[in-house]
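Let's take a friendly walk through a protein fold. Have a look at the picture first, then read on.

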Amino acid sequence: MIVHCASYHDGHRIEAPDDLAGALAAARAAGPGGFVWIGLFEPTAEELDHVGREFALHPLAVEDAVSAHQRPKIEPYQGSLFVALKTLGYHPGAHAVTIGEVMVFLGADFVMTVRHGADTPLSGLRARLEKQPELLRYGPSSVLHSVCDTIVDGYMEVATRLQSDLDELEADVFAPGRVGRDTAGRIYGYKRQVMTVRRATGPLLEPTLRLARGGEPYIRPETLPYLRDVADHLARVTDQVEGMDRLLSDILNANLAQVSVQQNNDMRKISAWAALAAVPTMIAGVYGMNFEDMPELHQPWGYPAVLSLMAAVCIVLHRVFKRHDWL
């Protein structure tokens with residue numbers, strides 16, 4: 001579905017027909033620096049084929065834009081530059097990272113964005129960029145920079161929220177006496193979220209650096225400093241995500257060690273109580289045997305003496321175990 005189509009010249013929006021051919025003709029008629037910006041949201045194959053024919057897009061790039069689920073990349077084709085990016089959203093209530101996709105087609109006099117998924121933070125991008133004619137005058141490459149910058153800012157926001165949640169998780173895991181049954185599951189859940197972020201940020205770093213170095217078609221030299229700034233932000237996010245992944249691994253190992261120590265303590269206490277129960281059981285078992293000649297068997301104080309012996313031994317063992325923190 002085409003959600004927006006507008007023509008620009010020298011950083012300002014110009015009057016143009018709503019149809020693709022008319023908008024492109026108006027941008028070209030405006031003179032050098034004119035371009036058309038088309039925005040599509042989850043287009044069908046037929047819609048994208050129609051747009052592809054209007055702008056002479058390569059069939060392989062069109063196919064990638066329709067199917068989505070692409071690895072972040074940059075592919076130069078004859079007549080256009082194709083850029084695939086992942087977008088991220090974070091829902092704190094569910095502690096879930098959601099993913100979307102944005103594809104950008106860049107040409108000499110056109111730029112087209114194709115969005116897939118709900119978490120594509122480009123809704124207000126056109127309005128913001130139209131308020132910056134000094135940047136928009138650089139043409140389609142300024143739009144590409146703004147798209148990349150908005151998406152990377154979204155990465156930074158998601159990474160910041162994840163880091164905050166991980167700080168709470170770390171404090172909870174290392175709280176005194178807190179060894180929860182669900183802790184390992186929570187850690188694993190966060191690792192899955194971090195992995196989702198890594199799949200979006202990691203593969204995008206190399207293509208972004210390629211753009212920032214220059215040499216790619218349809219990228220104006222004036223936009224290279226802006227693209228280098230985006231690459232720097234993305235590198236920081238990538239380092240932060242790598243650090244969170246290592247932190248989660250350390251938290252998981254610490255939690256497993258805590259569980260192991262807790263199990264050892266439990267087994268030690270069980271063994272101590274078993275030892276306390278074994279002493280009177282042994283004495284009672286001896287006196288339960290059917291023999292004539294047994295110590296104090298026919299004495300009237302024999303029974304209380306044996307009970308007193310059991311109690312004394314149990315008290316001594318209890319004090320010893322308490323002193324060594326077994327109980």
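Helix 7 (residues 183-213) lies across strand 4, strand 5 and strand 6, where contact means heavy atoms within 4.5 Å. Helix 7 runs at about 155° to strand 5; such angles run from 0 to 180 degrees between N-to-C directions, with axes fitted to C-alpha atoms, for helices over the stretch in contact. Helices (H or I, at least four residues) and strands (E, at least two) are DSSP runs, numbered from the N terminus.

This is a predicted model, in which local features need pLDDT of at least 70 and side-chain atom pairs count only at pLDDT 80 or more, while totals for chains, interfaces and linings use all residues. Residues are numbered from 1 along each chain as its sequence is written, and side-chain values use heavy atoms, leaving out hydrogens and water.

The open sheet has 7 strands in the order 2-1-3-7-6-5-4, with mixed pairing; two strands pair if DSSP finds at least two bridges between them. Strand 2 (12-14) and strand 4 stand at the edges with a single partner strand each, so one side of each has no neighbour in the sheet. From one strand to the next, the twist averages 25°. Helix 6 (residues 140-173) also packs on the sheet, and its direction makes about 25° with that of strand 5.

Strand 4 (residues 73-77) pairs with strand 5 (residues 80-91) in the antiparallel sense over 5 bridges. In their hairpin, which has 2 residues between the strands, G79 takes a positive phi near 95°.

| Residue | Opposite it in strand 5 |
|---|---|
| K73 | A84 |
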